2 protein chains.
Amino acid sequence: MKTKELILDRARILFNERGSGDITVRDLAHAAGISPGNLGYHFPTLDAVTEALYYRLVAALDAQVASAAALPAVELSPLRAYAYARESFAVLYAYRFLMLDFVRIMRRLPGVRAHFRELMERRRVQFTGLLDVLAAGGWLEPPRYPGQYEDWVAQAGLIGDFWIASAEILTDGGEAERIAQYSRLFLATLAPLLTERGLAEIRPLLAGG
Amino acid sequence: MKTKELILDRARILFNERGSGDITVRDLAHAAGISPGNLGYHFPTLDAVTEALYYRLVAALDAQVASAAALPAVELSPLRAYAYARESFAVLYAYRFLMLDFVRIMRRLPGVRAHFRELMERRRVQFTGLLDVLAAGGWLEPPRYPGQYEDWVAQAGLIGDFWIASAEILTDGGEAERIAQYSRLFLATLAPLLTERGLAEIRPLLAGG
DNA sequence: ATGAATTTAGGACAAATGTACTAAATTTTC
DNA sequence: GAAAATTTAGTACATTTGTCCTAAATTCAT
């Protein structure tokens with residue numbers, strides 16, 4: 001069970017570097033230091049590798065959710081939410097080829113697509129719950145119109161899914177710089193909803209510290 | 001000069017349907033009703049087709065900007081901004097393969113990438129100007145923190161670039177439904193910045209009418 | 001109308017690629 | 001320690017794909 005892990009690790013790196021769509025069986029075998037035949041023994045197709053990596057990412061994110069859920073609700077604050085978002089962003093970045101080739105992968109792997117939709121639905125519920133807790137803690141202003149919180153969830157979800165693609169196209173920065181830049185931007189979407197007390201807590205972050 | 005246009009039209013449709021990365025020379029020639037040899041005569045590579053389509057999209061968007069710029073500043077309002085965004089969304093949707101294969105295309109066509117970055121920079125300036133005009137017209141609250149307007153521009157730009165990818169993955173709706181849903185979401189990002197008067201103008205839209 | 005230029009069709013050809021197969025090597029089991 | 005099971009390497013094969021070439025057909029200019 002060692003070679004499989006090795007293959008997945010190298011595939012993750014290679015896919016991230018050059019895009020999962022432009023890697024061949026021979027490319028990956030070479031990068032993993034094994035023969036093409038052996039690669040085929042462990043994974044019949046490259047799609048199978050992609051799928052395995054997807055479920056690895058999901059597992060990593062689930063682990064994060066679990067540790068965040070252990071936090072008492074009273075301790076939740078905009079700052080905590082930011083810290084959690086930033087951690088998630090770092091995990092996503094390690095599997096960024098998935099977000100960069102999103103549409104293509106989803107079209108090729110219907111199972112992944114179905115799973116991802118459920119994941120997004122769960123995330124939607126989580127985010128909504130997050131806002132409710134923040135509101136109960138006096139961190140959020142009440143909605144200015146019906147459905148404002150739901151709209152925020154949709155916007156935040158979109159940014160969460162595609163910030164990497166945006167960074168890839170628009171910025172030249174490295175990993176740390178991108179994560180910092182976009183987790184800050186993510187936080188900024190929350191700013192308009194905050195009470196003065198909530199805003200005060202994150203003001204240094206918004207200023208760029 | 002007729003076959004070239006025919007090729008581009010069919011390519012746009014085919015790329016939209018199946019993704020530009022999964023189309024072969026023979027696929028496109030067949031769809032255009034011409035021989036592969038003839039296709040090669042007009043476009044040496046598929047990348048050349050993609051590039052031509054990109055510049056078509058840019059031309060269509062520029063035409064829209066020009067007509068919007070003809071509008072007197074006093075007439076600008078959240079509602080007008082929404083109408084413009086919605087038109088742009090419709091144009092983008094006609095070339096959605098470009099947004100769906102964004103990263104891959106940008107990696108393969110450095111010229112397009114460079115051009116697109118400049119385009120985004122211009123858009124950033126435009127959007128910023130838009131907010132200034134809206135603020136001067138009494139439609140916007142002043143920023144709650146320094147740089148809030150700039151943050152909105154970044155968020156709006158990201159949503160503008162990737163709403164189609166998000167729709168492709170998360171929704172089953174058709175074109176009209178998707179455009180309506182996401183141009184509304186785009187508008188919703190503006191809501192928190194609006195004065196009470198500004199919000200009043202778009203409240204029916206946010207409610208879903 | 002006729003020669004030149006352009007456009008088109010059809011297919012050839014080599015490179016690349018996924019897949020499958022066989023045999024050797026290594027590990028595991030008893 | 002020997003047999004069985006697993007893992008690995010190497011390669012062959014058929015298919016696909018981009019590119020190029022030639023000749024026919026069509027259009028254009030004079």
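To compare copies of a chain, they are superposed by least squares on the C-alpha atoms of residues with pLDDT of at least 70 in both. With that in hand, a rotation of 180° with 0.0 Å of shift along its axis puts chain A on chain B, with an RMSD of 0.0 Å. That is the relation of a two-fold axis. Among the residues of chain A, Pro192(A) comes closest to this rotation axis, with its C-alpha at 2.9 Å.

A quick note on what you're looking at: this is a predicted model, where local features need pLDDT of at least 70, side-chain atom pairs count only at pLDDT 80 or more, and totals for chains, interfaces and linings use all residues. Residues are numbered from 1 along each chain as its sequence is written, while chains are lettered from A and ligands numbered from 1 in the order in which they are written.

**One chain**

Chain A has 11 helices and 0 strands (helices are DSSP runs of H or I with at least four residues, strands are E runs of at least two, and both are numbered from the N terminus). Its C-alpha trace spans about 60 × 35 × 30 Å along the principal axes. Of its 209 residues, 32% count as buried, where buried means 20 or more other C-beta atoms within 10 Å of the residue's own, exposed means 12 or fewer, partly exposed is in between, and C-beta atoms are placed from the backbone.

**Where the chains meet**

Two residues are in contact if their C-beta atoms, placed from the backbone, lie within 7 Å. The contact takes 36 residues from chain A and 36 from chain B. On the chain A side, α9(A) brings the largest share, 14 residues. By class, that side has 22 nonpolar, 6 polar and 8 charged residues. The same surface serves both copies, as 100% of the contact residues of chain A recur in chain B.

The largest nonpolar core has 96 residues, and those with the most contacts inside it include Phe102(A), Phe162(A) and Met99(B). Such a core is a set of buried Ala, Val, Leu, Ile, Met, Phe, Trp, Tyr and Cys residues joined through C-beta atoms within 7 Å. Phe102(A) touches Ala165(B) and Ile169(B), not counting residues up to four places away in sequence.

For the classes below, Ala, Val, Leu, Ile, Met, Phe, Trp, Tyr, Cys and Pro count as nonpolar, Asp, Glu, Lys and Arg as charged, and the others, Gly among them, as polar.
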